[in-house]
Amino acid sequence: MQKNLYYAIFRKKHFHLFLLALLLGTSAFGQQAAKIRGKVIDDRDEPLPEVTVLIKGTQTGVSTNADGEYSINASPNSVLIFRLLGFENTEATVGNRQVINIKLKIAAKSLDEVVVSYGKQRSREVTGAITQISATSLQDMPVGQFAQQLQGKVAGVDISQTSGQPGRGMAFRIRGAASLALDYQPLFVIDGMPVTGSINNINPDEIETFTVLKDASSTALYGSRAANGVILITTKHAKAGDSKIQFSSNYGVQKIPMNRVPDMMNANQFATFMNERYQDQVKYEGVTAAIDPAYANPSQYGEGTNWFNLLTRAAPIQSYDLTVQTAREKSTSTVIAGYQSQEGVIVNTGTKLFSLRLNQDLTSSNNKLKIGFNLAPSYRLDHNNRLSTDGVGGLFERVFESSPLISPYNPDGSYTKNVNSPGMVSYINPLAQFMLNKDDYITTRILGNAYLNYEFLPGLSLKTNVGADKGAETRNQFTPASITANSINTGLSSSVDNYSWTAETNLQYNKTIATDHNIQALVGYSAQKFSQVSNSVSGTGFPSDDIPYLSAATSITAGTSNITEYSLLSAIGRLNYNYKGKYLLQGAVRSDGSSRFGTDRKYGYFPSVSVGWIISDEKFMENFKAIDFLKIRSSYGVTGNNNIGNYTALSVLGKYNYVVNGVSVPGQTIGTLGNSDLAWERNKQFDVGLDLTILNNRITIAYDYYHKISDGLIQSMPIPRASGFSSVNFNIGQFAFWGHEIAVNTVNLTGKLKWNTNFNISFERNIIESLVSPGFIRRNNTVSSDYYRNQVGHHLGEFYGFVFEGLYKDANDLANSAKYGSASDVGTIKVKDLNGDGVIDDVNDRTFIGDPTPDFNFGITNNFTYKNFDLNISMAGAVGGKILNAAKWAYQTNMDGSRMLLAAPLDHWRSPEDPGSGIYPRTKTGTTAMGRQVNSQWVESGSYLTAKNISLGYNFKLKDSGMLKNLRVYGSVQQAFIITNYSGMNPEISFSGLDATQGIGVDENAYPVPRTFSLGIQTTFK
């Protein structure tokens, strides 16, 4: 029977059926799903959470956990797709594997894109002059303002710290920007929203990238606000799959570099000087009165009061920032909370900043809809930071003018009120002014915007952005009677409320036609409105200093209130075209309607065009193996500056008194004549550039040449008085700017020791081509402070004065030299007789004596990495510019003894036999004023090199440390050293920021810029 069974089975026909069934069963068994597990990491070997793991061709999938791990059931012939926004999709066939680990690569597109006006663009396709900087490399700098981080980083962008006031004192200027109206600063755009007013409330730790737009092609879409350049700021947004918590902190100590502090006379030296001055008066001027007892015996004094040491200090600076980022494939969230505190190096001054930022982004399941919002409230408190410290009459100047013979305190411990010795100008005790003044300036601000992007069709998207900028500023100031000249206490309360909204929408279309023709088009609409309400009330007669509020004042002495508004209505358009990705053509235009323009010039049009050629993509370049990338580009465009004041074009009413029937009656009439043709100031700019990468991307070079005409500059033009007015504002001035910019990035070493260098240098020139008759603008009519003159045919801000020729050596020299009236005598200052008429006068014998514009500005940053150590050295400087040291010669070298002096003038002229150093004149009454009139002796070299930041850090490897993912500690020195021949405290100083039309490079004293030593920590948690 068994034999029959085998026979039945293995008969040919039945055997084949049996084998087929067996094979099918085995196959079915082999295709059963098995558990597959693994881990997904990035190119830094860090785990990636929220990675989608899909079985190809199905809807079955899972996501990786916080450690990048996943588990999924899949059959051997399944293909797994690993997908995460911002990374390249990766596929893996299961086969007979049970563990599949994957490393995802960052998408090339995300590496290659730069932020541009109203969007992003591949860097190789950029045809304008654009520089983008990541803020990541700038976080070691213990600063309160992001402007300090950018110093020396971008060619063609001059950023100077003209004052050391905490949270203030920074100025920008791009490609020599200048205006005769109001503003020369660039436009700042944060996450697509133009910002009005100050940028000081922005926490540097919130920023991800800076993009500087320099030429007209890159800035044209901002139209009438883009003449001075544009800086785009992108804040931190979580990247999909990169959830983390970061905490960073830094604590530092600020100190004034003492080698930069002027060496002033001490008590003994000043008494000696005044004693010698008296002796010379007796000898040369016939003075018979007795010497003042204060100066009769100089040896009774020692060092006396060192006012600089009293009013300055080592001051702390600290910051704390917490960042929480959560990131899923379809939603990301970033929260950044920050606190900064910077005490001033001048006593009883400082600032505190509290900031918060929330950035939220959401994406629909089909990736067609993207929405999000950014919200950033901040609160800043400036204490005694708005007191007038800089310039002539500023409180810092008083530090050098107070007498060392006077004690700052009375015997009872109270402050001495007046600190002048006999013969000196009366000054209030500067220590008391800083310690007793109460000046609190509070700035509250909310920046917010929301966006919605929707892709209707492949390549066609609608993008909208609505934002608001709300700011409130309040000031409460109280000055006790003990530090006022009239012994009356005063109080002030003021507030400013700012509100600006911006609404923008545009359509963007991207299309590739027939493989080689690539088109990007944008059309849009924009509206903005700004409103500001301000008021101020002052009072006096407070019963005591205990209640410093206006409710206690017995007399309200002044009160003002005001409102100002403007609006902007715009349309924009841009078309980018490239052929085969190597022949590039871009055009853009913006139409701006502004309430600031005259009624007949409400709308302005700002077009631009640019071209590029990627030569390295050509066939013939295959023979040049060393060249990785080569592009030439050129652009031309027109932009404007509408920051001319809100009502400059309109006739303005003024208050006047009229006589009616012999009685004075108040009334109103037009006080300022309007101009319906008044328009924006305009820039017409040409740019040609080259981008080159060689030696396997080891060296990258960017070069730009630009030529820019700023015309339509607003000036007050004289008109016939028969009109009833003397002048009217008109677009009439014209400046020309041109220059070269070079940026070089090199990868010097790539082994265990890595070394990268970033270097940039810019050469800027300018000329004044047109101004209202008489063709020049002088600072004022006083020869002693008429520092500069803007004149047709000359450079902006050139210093103007006499040419110093030393001192009249003796009677023969005096007799044979031109004289400045009765003020000239043996031992007094001698200046050049320019017209040779034998007489020195203010009109004919003054000339241009120095140009403040440097021959070139430069910056260099070196980054070193060795194992876990990193070292960053960032430097910036300028060569060739001049500085007018008015602080030294007009205020610290008063040979009449009215103010405190530098120690050097002790070696002054006493007689032909004792001429001193030959620099400092005699003290004869009526002759010393010449020393306070601008002359070439005041002009010094402004060349300098500053180590802006030196930082050394160490990264701890913490791969198996639980929640702690990364730990880095570092130490840094800000303003580590300054190499310069300038004798003043700060070679970056300028009493008007960087406004070339208001006198750059003029030193009239300013709050000192400190050197900062700090320690910091940066941590990342999983």
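Me: Before anything else, what do buried, exposed and partly exposed mean here?
Reply: Buried means under 20% relative accessible area, exposed means over 50%, and partly exposed is in between. The structure itself is a predicted model.

Me: Then where does N367 fall, buried or exposed or in between?
Reply: N367 has a relative accessible area of 40%, so it is partly exposed.

Me: And where is N367 found?
Reply: N367 is in the loop between β20 (350-363) and β21 (369-383). Its phi is positive, near 65°, and the residue is not a glycine.

Me: What about N384, then: what is its phi?
Reply: N384 is not a glycine, yet its phi is positive, at about 55°. This residue is placed in the loop between β21 and α9 (395-401).

Me: Is N384 buried or exposed?
Reply: N384 has a relative accessible area of 1%, and because buried means under 20%, N384 counts as buried.

Me: Switching to S331: which strand holds it?
Reply: S331 lies in strand β19, which covers residues 331-343.

Me: Why does S331 count as buried?
Reply: Its relative accessibility is 19%, and the cut-off for buried is under 20%, so S331 counts as buried.

Me: Which residues does S331 touch?
Reply: Not counting residues up to four places away in sequence, S331 touches T326, D361 and L362.

Me: Now the sheets. What is the strand order in the open sheet of five strands?
Reply: The order is β10-β15-β16-β13-β14, with mixed pairing. The edge strands are β10 (130-134) and β14 (193-194), each of which pairs on one side only.

Me: How many bridges join β13 to β16?
Reply: Four bridges join strand β13 (residues 187-190) to strand β16 (residues 230-235), and the two run parallel. F188 stands opposite I231 in β16.

Me: What order do the strands take in the open sheet of four?
Reply: That sheet has the order β3-β2-β5-β6, and its pairing is antiparallel. At its edges are β3 (61-63) and β6 (90-93), each pairing on one side only. Neighbouring strands in this sheet are turned by 20° against each other on average, direction ignored.

Me: How many bridges are there between β5 and β6?
Reply: Strand β5 (residues 79-83) pairs with β6 over four bridges, in the antiparallel sense. The bridge partner of V79 in β6 is T93.

Me: What is the peptide bond from S773 to P774, cis or trans?
Reply: The bond from S773 to P774 is cis, with omega near 15°. P774 has its place in the loop between β35 (753-770) and β36 (776-778).

Me: What is W938 in contact with?
Reply: Leaving aside neighbours within four places in sequence, the contacts of W938 include Y787, L884, W889 and R932.

Note on methods: Residues numbered from 1 in each chain as written. Predicted model: local features only at pLDDT ≥ 70, side-chain atom pairs only at ≥ 80, totals over all residues. Heavy atoms only, no water. Pairing = 2+ DSSP bridges. Buried < 20%, exposed > 50% of the residue type's maximum accessible area, 1.4 Å probe, protein only. Contact = heavy atoms within 4.5 Å. Axes fitted to C-alpha atoms, helices over the stretch in contact; angles between N-to-C directions.
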